[in-house]
Amino acid sequence: MSLYLDNAATSYPKPESVYEAVSTALREVGVSPGRGGYRRGLEATRLLFETREAAASLFGIGDSSRVVFTHSATESLNLAVLGLIRSGDHVITTSAEHNSLVRPLHLAGQRGAEITWVEADRRGIVTPDQIAAAMRPSTRLVALAHCSNVTGAIQPVGDIAAVARRAGALVLVDAAQSAGMIPIDAPAMGIDLLAVPGHKGLMGPQGTGVLYVADGVELEPLIVGGTGGYSSGMEQPDAMPERFESGTHNLPGIAGLGAGIDFIRTVGLEVIRQREENLVARLMDGLAAMPGVTCHGPLPGEPRGSLVSFTAEGTDPQAIGFRLDQEFDICVRVGLHCAPAAHRTIGTYPGGTVRVSPGYFTKDEEIDAFLMAMRTILGAK
Ligand SMILES: Cc1ncc(COP(=O)(O)O)c(C=O)c1O
């Protein structure tokens, strides 16, 4: 079995309970939630409800009907941006964003919105003052990632949200690299829209995600259609969460996501964070000792998410990724990581970086095996 160090793309392995929940939902529940009044359907509806409640509770959300199931963070970001932003609106974002936020914003721009791209510093961080300086009377939204998938930099989201709130703008946070890894209390942090993948830190299966929509935030749905209930009218219902959940749910995925969140709550987010911080520190210490290697993003000791991006002088990141895979059976991600502007910001465009992202289940020995492989590749002692 290969050594998997690409948890920032999707977490692997999942907790055993996640595999079991997916299998049970497929084999023993089988039917769709909210369709049909028979008793078996109620079991599906219960699974859906329990996962929604678990997600709400993880992010400090009091009313779980504000948690919408999507199939990825990308879909959540599209719904938040394109469902909210109209021609003439102004949006502030940063130069550190993933294409899953960049592209919906660019599309909103082509449809008549104005987008300001605030430049992050070399660590990938923007300050609340920079956001305040970019504010206009027409600013409708401030949109940014909590944690960068390129540098691991953690933005001061709470302080930025306070600036936005004072100016009457809403806040959209892309929690793709923080949900399930870094504590998030959406209401307390002033977050109006929280886009979350189910398949990364929350340890659910691929094809799952959620969007939290704060009370009072009005979005247009991206798709309309059957919602199980509210069948009599041609209009899409206003009721939450049905307004944004047309079509048959990914019940096996959502059941698995529920088990993933239960796992996190049982182990404890602080324990998971501590474990991942230790792995990242081990990784950074080992890389820092190799001549010519630069770890990008926050400096050692500064807060960072569960990933490290590095370059090695004179060696192409693609070549490193290829040798890690072919000779050592180690999976890492190389290149631009769907975030070209973030690489321009940190000076690693167009070659990109090698990104190593351990997960809760990664062992110390696996980090050591990766470091040993890197020493061989770079010819370091
Ligand atoms: C910062 C960031 N935003 C958004 C995404 C997209 O997530 P998903 O794969 O769930 O669409 C990713 C995934 O890599 C990411 O790292």
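Author: In this predicted model, M203 counts as buried, because its relative accessibility is 6% and buried means under 20% relative accessible area, with exposed over 50% and partly exposed in between (1.4 Å probe, protein chains only). The model being predicted, local features need pLDDT of at least 70 and side-chain atom pairs count only at pLDDT 80 or more, while totals for chains, interfaces and linings use all residues. Residues are numbered from 1 along each chain as its sequence is written, and side-chain values use heavy atoms, with hydrogens and water left out.

Reader: Where does M203 lie, and what is its phi?

Author: M203 belongs to the loop between β7 (193-197) and β8 (209-213); strands (E, at least two residues) and helices (H or I, at least four) are DSSP runs, numbered from the N terminus. Its phi is near 70°, a positive value in a residue other than glycine. Most residues other than glycine have a negative phi.

Reader: Why does C338 count as partly exposed?

Author: The relative accessibility of C338 is 33%, so C338 counts as partly exposed. C338 lies in the loop between β12 (333-335) and α11, and its phi, near 60°, is positive as well.

Reader: Why are α3 and α4 called roughly parallel?

Author: Helix α3 (residues 73-84) and helix α4 (residues 99-110) pack at about 25°, their axes 9 Å apart. Axes are lines fitted to C-alpha atoms, for helices over the stretch in contact, and angles run from 0 to 180 degrees between N-to-C directions. Angles under 35 degrees count as roughly parallel, over 145 as roughly antiparallel, 65 to 115 as roughly perpendicular and the rest as oblique; α3 and α4 are therefore roughly parallel.

Reader: Which residues of α3 and α4 meet?

Author: T74, L77, N78, V81 and L82 in α3 meet S100, L101, P104, L105, L107 and A108 in α4, where contact means heavy atoms within 4.5 Å.

Reader: What makes β2 and β4 edge strands?

Author: The open sheet has seven strands in the order β2-β8-β7-β6-β5-β3-β4, with mixed pairing; two strands pair if DSSP finds at least two bridges between them. β2 (67-70) and β4 (114-118) each have a single partner strand, so one side of each has no neighbour in the sheet.

Reader: How do you know that β3 pairs with β4?

Author: Five bridges join β3 (residues 90-94) to β4, and the two run parallel. In β4, E114 is the bridge partner of H90.
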